[in-house]
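Subject: Structure handover

Hi,

Here is the structure I promised to pass on. Have a look at it first, then read my notes below.

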Amino acid sequence: MATFLYKLGRSAFRRRRLVALLWVALLAVAGIGAATAPAPTSGSFSIPGTEAQRAFDLLEERFPGAGADGATARVVFKAPEGQKVTDTAHKAVVEETVAALESGSDQIVSVADPYTAHAVSQDGSTAYVSVAYKVNAMELTDETREALTQAGENAQGKGLTVEVGGDALQTMPATGAGEIVGVIIAGIVLVITFGSLVAAGLPLLTAIIGVGIGVSSIAALANVLDLGSTTSTLAMMIGLAVGIDYALFIVSRYRAELADGREKEEAAGRAVGTAGSAVVFAGLTVVIALVGLAVVNIPMLTKMGFAAAGTVVIAVLIALTLIPALLGFAGDKVVGRKVRKGTAKVDDKPNGGTRWARFVIRRPLMVLLVGVIGLGAIAVPAASLEMGLPDDGVKPTSTTERRAYDTLSDGFGPGFNGPLLVVVDGDKATADKTVSAIKGLDGWAAVTPATQNKAKDAAMITVVPKDRPSSVATEELVHDIRDATGDEVLVTGATAMNIDFSQKMNDALVPYLALVVGLAFLLLTVVFRSILVPLKAALGFLLSVVAALGAVVAVFQWGWLGSLFGVEQTGPIMSMMPIFMVGVVFGLAMDYEVFLVTRMREAYVHGERPGEAIVTGFRHSARVVVAAAVIMIAVFSGFIGMTDQMIKMIGFGLAVAVLFDAFVVRMAIVPAVLALLGHKAWWLPKWLDRVLPNVDVEGESLAGSTGEDAAAKPDLVKA
């Protein structure tokens, strides 16, 4: 592999104009495709194999045109202190709003008058208008949303407080300035690392090009592939992080090759042949982790994983081709001014990485214990993990959705924000029997009479829990209804869907973990030709990801430092968070493992002792790994500023996970374990050594294939 990538790097360097033109053309084609593609009409969410999904399917079959999976909205009215919404003047405002909603859009199925639908609180202070739509939230037109918000705004100032909630207001997550700040921080870190604006600009430029191609392609295909709004956000998040990192390692190795006196084209070839090999395998681990999300069997998650994996593949290809091409354009400017003038040298004395590695080698057991115990303590809150999906109750109080949620809770009880929909596959007698069975249970606040379809062979029953949608009591009520009724009765609704989704995530976590870690273990065994190094990498990852989950629980579920991160309402952790973090963080964690340990193995196979190889690996890679980790943390942290709770939680979780994995696991625990293992770290059974392919990540084959004069070549260990 090293020889092939070496030739690819030299070829891209020589034909730099053609390579650059091809990537710019690809970016233009993707951009045109995104600009001309029709807006996505969906972003459907389904959970195959669950009771809640079967109930939705039955509703669509037996209640055609009812918009079973359509968007909903609630316009909530609250009278001033001491007054009631049933007062004549207030009632006129509410009925005027009902009329405006009914005529506001042809996408509406029904608008329920609160005075005839029993939607007035017992004390008369609060009422709500329920609006049902024919299509889901992502298919609503801007005109429909505008009519909904306008109806609420027109009712304001007429003596009532009016708020609007429901998924009908769901839109693309609002982008904050945080992402831009993250990129700026990345630029500053790159300038400090390289001491050259040109060298710092290359990773940023290529990462932006890669993300531009990836996100534009997703936008162009969104309508055809039914991609949700969060798909492009995830692709942008992952693409920026790995795109900068992969380019950073290629550029860094190129500068090291130049410092050893190689010609520019030769240096580009060697940089791609050595660091590029690490990029390929690091990228493969990320792709495996993202594509592996398909085992969960939730279409939305599968599409998110494949789209993000595609962006990673683009980042790898850009690092291997566009980076050496741009290095050809950069000339001498890729190194700092002092180096160009000859007043400074690269790697001419021990650096911080060297000193840290020597410290760890002298006290490996102490470093190992401090790292493991520290992360173990942070992981403790993960034992209290409660999972669910965020609703309007976790949105900022500045939003009308959150105020509508709180007003409904105050007037009717928290359960009104998450009613359960019970679907009966049977006649009226079966439906009445179901109503009686539900009323014999605990935990419900209201149970409506059964509503039958035209064929009289199915019915719908609405059950309002006593507690809020994401509570344990509501989850128990759903299970109790399912246990107390027969197979012909199905429970669905947003709350039940969330419960089934969480259960599916739990069931899939272990198989997914086994698949991803197993495949990556085999891949790293091929890369490092060792059993213990991949095993240590996997165990270190598990420690860092559990610690990161502990931090997520402490902030978003317990509320510790919540105000610092904009968490206004604590609640359960997003159901997909554990499995999502396992997938994404594992791939990213292996990046550092491959980049750092590959350089150690490169030194080891060229004759250095285990301890010396660790120091050599840190001398060449530690500074770049630290820079890469800081950049990735900055990029992920930028998403914490978004208003969408799911994106905020993902950004925080990934940023913390990278912090723990890069600085504690890879920079401390890994060298400590390798120091304790010594030569045994690189042990591989002879029979397995014969079976495994030799991918030559260290670039050993380049020593005899570059055509350079042997006497002029420095040892690869010093490269």
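In helix H2, the residues Val19, Ala20, Trp23 and Ala30 are buried, where buried means under 20% relative accessible area, exposed over 50% and partly exposed in between, with a 1.4 Å probe and protein chains only. These four sit on the same side of H2, because they cover an arc of only 100° around the axis, the arc being that of the directions from the helix axis to the C-beta atoms. On the face turned away from that buried side you'll find exposed residues, including Arg17, Leu21, Val24 and Ile32. The cover over the buried residues of H2 includes helix H1 (2–14), helix H7 (197–225) and helix H10 (299–330).

A word on what you're looking at: this is a predicted model, in which local features need pLDDT of at least 70 and side-chain atom pairs count only at pLDDT 80 or more, while totals for chains, interfaces and linings use all residues. Residues are numbered from 1 along each chain as its sequence is written, and side-chain values use heavy atoms, with hydrogens and water left out.

Helices (H or I, at least four residues) and strands (E, at least two) are DSSP runs, numbered from the N terminus. H2 covers residues 16–36 and reaches 30 Å from its first C-alpha to its last, close to the 30 Å expected at 1.5 Å a residue; the expected span is 1.5 Å times one less than the number of residues.

Helix H19 (residues 577–605) reaches 40 Å, close to the expected 42 Å. H19 is mostly covered, with 27 of its 29 residues buried. After H19 comes Gly607, which has a positive phi near 105°.

Now the inside. The largest nonpolar core has 179 residues, and Tyr246 and Phe636 have the most contacts inside it. Such a core is a set of buried Ala, Val, Leu, Ile, Met, Phe, Trp, Tyr and Cys residues joined through side-chain atoms within 4.5 Å. Helix H21 (residues 645–677) gives the largest share of this core, 20 residues. Apart from this core lies another, of 26 residues, among them Ala127 and Tyr133. Leaving aside residues up to four places away in sequence, Phe636 touches Met237, Leu588 and Val658, among others; contact means heavy atoms within 4.5 Å.

As for the whole protein chain, there are 22 helices and eleven strands. Of its 719 residues, 55% count as buried. The C-alpha atoms fill a box of roughly 95 × 45 × 45 Å, taken along the principal axes.

Cheers
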